[in-house]
Number of protein chains: 2
Amino acid sequence: MNNNIRISYPSSEKMYMQGTIYPDLRVGMRRIMLTPTVKTVGGRRVAVENEPVVVYDTSGPYSDPDVEIDLARGLPPLRKPWTQRRHGTQMACARQGIITEEMEYVAIRENMNCEALGIETHITPEFVRSEVAAGRAVIPANVNHPESEPMIIGPAFLVKINANIGNSSSTSGIGEEVEKAVWSCKWGGDTLMDLSTGTDIHETRERILRNSPVPVGTVPMYQAFEKVGGRVERLSWEVFRDTLVEQCEQGVDYFTIHCGIRRKNVPLANGRLTGMVSRGGSIISKWCMVHDEESFLYTHFDNICDICARYDAAISLGDGLRPGCTFDANDAAQFAELDTMGELVERAWAKNVQVFIEGPGHVPMQKIRANMDRQIAKCHGAPFYTLGPLVTDIAPGYDHITSAIGAAQIGWQGTAMLCYVTPKEHLALPDKEDVRTGVVTYKIAAHAADLAKGHPGAAVRDNALSKARYEFRWKDQFNLSLDPERAVEYYKTSNSVGGKYCTMCGPDFCAMRISGELEARGCDLGVKELKGVKGS
Amino acid sequence: MNNNIRISYPSSEKMYMQGTIYPDLRVGMRRIMLTPTVKTVGGRRVAVENEPVVVYDTSGPYSDPDVEIDLARGLPPLRKPWTQRRHGTQMACARQGIITEEMEYVAIRENMNCEALGIETHITPEFVRSEVAAGRAVIPANVNHPESEPMIIGPAFLVKINANIGNSSSTSGIGEEVEKAVWSCKWGGDTLMDLSTGTDIHETRERILRNSPVPVGTVPMYQAFEKVGGRVERLSWEVFRDTLVEQCEQGVDYFTIHCGIRRKNVPLANGRLTGMVSRGGSIISKWCMVHDEESFLYTHFDNICDICARYDAAISLGDGLRPGCTFDANDAAQFAELDTMGELVERAWAKNVQVFIEGPGHVPMQKIRANMDRQIAKCHGAPFYTLGPLVTDIAPGYDHITSAIGAAQIGWQGTAMLCYVTPKEHLALPDKEDVRTGVVTYKIAAHAADLAKGHPGAAVRDNALSKARYEFRWKDQFNLSLDPERAVEYYKTSNSVGGKYCTMCGPDFCAMRISGELEARGCDLGVKELKGVKGS
């Protein structure tokens, strides 16, 4: 394992913003430095400064040269002093009117530097508190994962993305998975799910947790299933409970648990084209059928909540009956499970446990809205966390794209977090490059949704990049992009590097250059300064 | 130049469907052969056949082993006998109540084999005629491009995609561009635009036309601009007219002409962040400013129509004032041009010239619908042909994805053709692999829109692929996909090839396998036959 793993971005500096309620808070951001615009004024060349652009930063201490990184020891326990002096979960505090450190942290983080830019924002620490109190937003933050930087999942905030990592029995080692975790943070992943099902499942998770600056989720059923040798009939509440406690102790921030599957609803999946496609869901369904009993995840739901409350771990209600193809979308099985989840949300809240709802899967575009609407109607405003959805089934190898199309739409409609899909979906376990492609693709979907929702300051980066593009400040264009390395790589395939054109159009046909010449002739095309351009 | 270029698809056969009105018509399709489903019934293994899936085929004679390919000679002139015995354009015939060979051809083509599957369809030759007569659909088919197979562009039909090819002065030769053209047809490109701006512009176009089984579009201003040495002030109607006639003679099926830019509207682009980003648009705008005159493309629009009518070439009204960034979307300049286009549509129709309208560009999601609605309101139902739109500006290197998100939405809302964007957009000229990625990405967006619109039989391929996936018929899953080669390549990175799982979940956690085991226990998950699954 490379013990000195680092994250760097070109022409970027790590900066910290301070808290007001909690002056000790230091909220990490990334400041992208820009080159000046060079103009000819009265025959003289004048350089006009372009302000740096501050962007949301998921890279944690890995991008701070002042922090020593030691993967064996783990990241600094940022949140330890906060959790030590606190009693009760984020939700309990919120309901008592207490603004926690995490709440102020996420309020600062969500706004980037929009106040300095004169952009109005609805996101205050008090607003964060009220959203958490109402259950409309979740701050997944296990007290035993003090290394994680607070983030928030809710429709009133930036749309978040999750990256799945983890090995299966046939592939990859611990070092590789930790590398993937940090790699995901580099490209903008907001949370990680460790879906390991192989050997060393406990130790893999431990290394990921100690080195992850973002919340980590798991599906505890996978480890429980390993413990009984993969024999469904030997599964039990006790095995599951012990596994849950074990993972809470380690610091897992949220658990996907398929509590919404009920014995009576399994046969609703009859007549499906692709049966069940959720691993956890198919295991508990088989358990129900083999034992002819109600699911212990349902009957013991209150016990699950009690355990989660002790550690302030959140529950992600897994959709075990999600459709595995567009044909099965929005069927009775899927919607029955969603209705059950609505009931469970209220039971979780009664225990001060934060909860969100997982959603499909495969859904053709015309059926996406019905999912979002039903989720809102049935689940009392608890945040929605969807996988994609994929809007067609015919493109294996490109399912990051089929799903990003659906993800952008459902994000705009109110889904709070999008679970990424990589190009290898349906085919193989993603490697590091697939993680990069999946994360960047989902940052695009999430950002498109943020723009559409009018998130304060979301358009600042777009506008700065567009201005750089128009002014042929190529380096600034690359540095402002989601994946500067890829942009540079493609640009270098042309033979026009550094010129006022690219090979797409060639030198004589560059519209932006001609447009610039029109300006020089007195046509006022192109803004002279970014006044009014800052907002969305 | 490889003179024996061929297109092949795995486990696929070329098939032809016959006409009824014109029994000589042979409409090429691709039939994907499937392996049987193997089941255990009463302890015995039984093989149940899976019907072949017939899909829309843009590969033309290149995928027919019975046709000799000779790039030097060009493709067989399929439409020559039809155009020789006909007078008037497709639109003129349609208005006289005449169903042309092209109209019956596209009716058969659009339906794939849905009648044989018992799927109802609204698409008859008479329906095609009525849509062409009303101007709501365009069959771009220059009488001098008899090699092209008829296709239709209109909101009541399958959403089409265009691939831009062509060199710029700095890159690539003729052979390479012809290879890209055939390559685009292989992956599903419905039309090609040759945007060459370099030397050999006439000969490049000639080789593409003679070897293209799909309609070819151009921007004639590019060649006119080359003819005057790239000096805007020397441009004139006469130079443009001669270029247009030259290209009509060669057989160009549709022309992008920026007739919607008017002298008085150019200053509406004042205050934009990125000025003008259309090459043709910026050239004619500069001409207007330099000469302080109305655009000759506008003043001579009727002459342009007269020329196009002689060859039955269609006009694609180019949007020279389209936004080059999300900030500039839906501004006064863009909408003023759209309004002018509405006026021009009626003038084209008065001359029996088919016409469609080009659209943006860069548009954030919340502003897409306004584009489509305004286009419908102002342009009398003429088809819309959009570039993307890109829903964010911050992802150069991934703009095939940022734009596919917008393209799928606007396609669903009624855009008839989507102009692809490749990963190299904004950075460099696309190479062959970029063309493949761009075309497949746009096939995804178009197909997602077809599903959402409920096009007859659109879901057949999705359902067949999903069934293959559930039954672990890996080969069938790959062969039914948009890019079988890519799917196989990714699958082979796993070490589970041929098994009843993939490395994503590993053998013990495959939900589809567990779901199958549930079935074996008497749970009726997964359909037994595709009854009722055929339709959308």
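Modeller: Gladly! Let's begin with burial: buried means under 20% relative accessible area, exposed means over 50%, and partly exposed lies in between (1.4 Å probe, protein chains only). This is a predicted model, where local features need pLDDT of at least 70, side-chain atom pairs count only at pLDDT 80 or more, and totals for chains, interfaces and linings use all residues. Residues are numbered from 1 along each chain as its sequence is written, chains are lettered from A and ligands numbered from 1 in the order in which they are written, and side-chain values use heavy atoms, leaving out hydrogens and water.

Biologist: How many salt bridges does a search of the whole structure find over all chains?

Modeller: Side chains of opposite charge can pair when their charged atoms come close. A salt bridge here is a side-chain nitrogen of Lys or Arg within 4 Å of a carboxyl oxygen of Asp or Glu. The search gives 74 of them over all chains.

Biologist: Which parts does the pair A:Arg374 and A:Asp339 tie together?

Modeller: Their side chains meet at 3.0 Å, N to O. A:Arg374 lies in helix H13 (residues 368–378) of chain A and A:Asp339 in helix H12 (residues 332–350) of chain A, so the pair joins parts 35 residues apart in sequence. Helices are DSSP runs (H or I, at least four residues), numbered from the N terminus. A:Arg374 is partly exposed at 26%, and A:Asp339 is partly exposed at 28%.

Biologist: Is B:Glu131 buried or exposed?

Modeller: B:Glu131 is buried, at 7%, while its salt-bridge partner B:Arg136 is partly exposed at 36%. Their N to O distance is 2.8 Å.

Conventions:
Helices (H or I, at least four residues) and strands (E, at least two) are DSSP runs, numbered from the N terminus.
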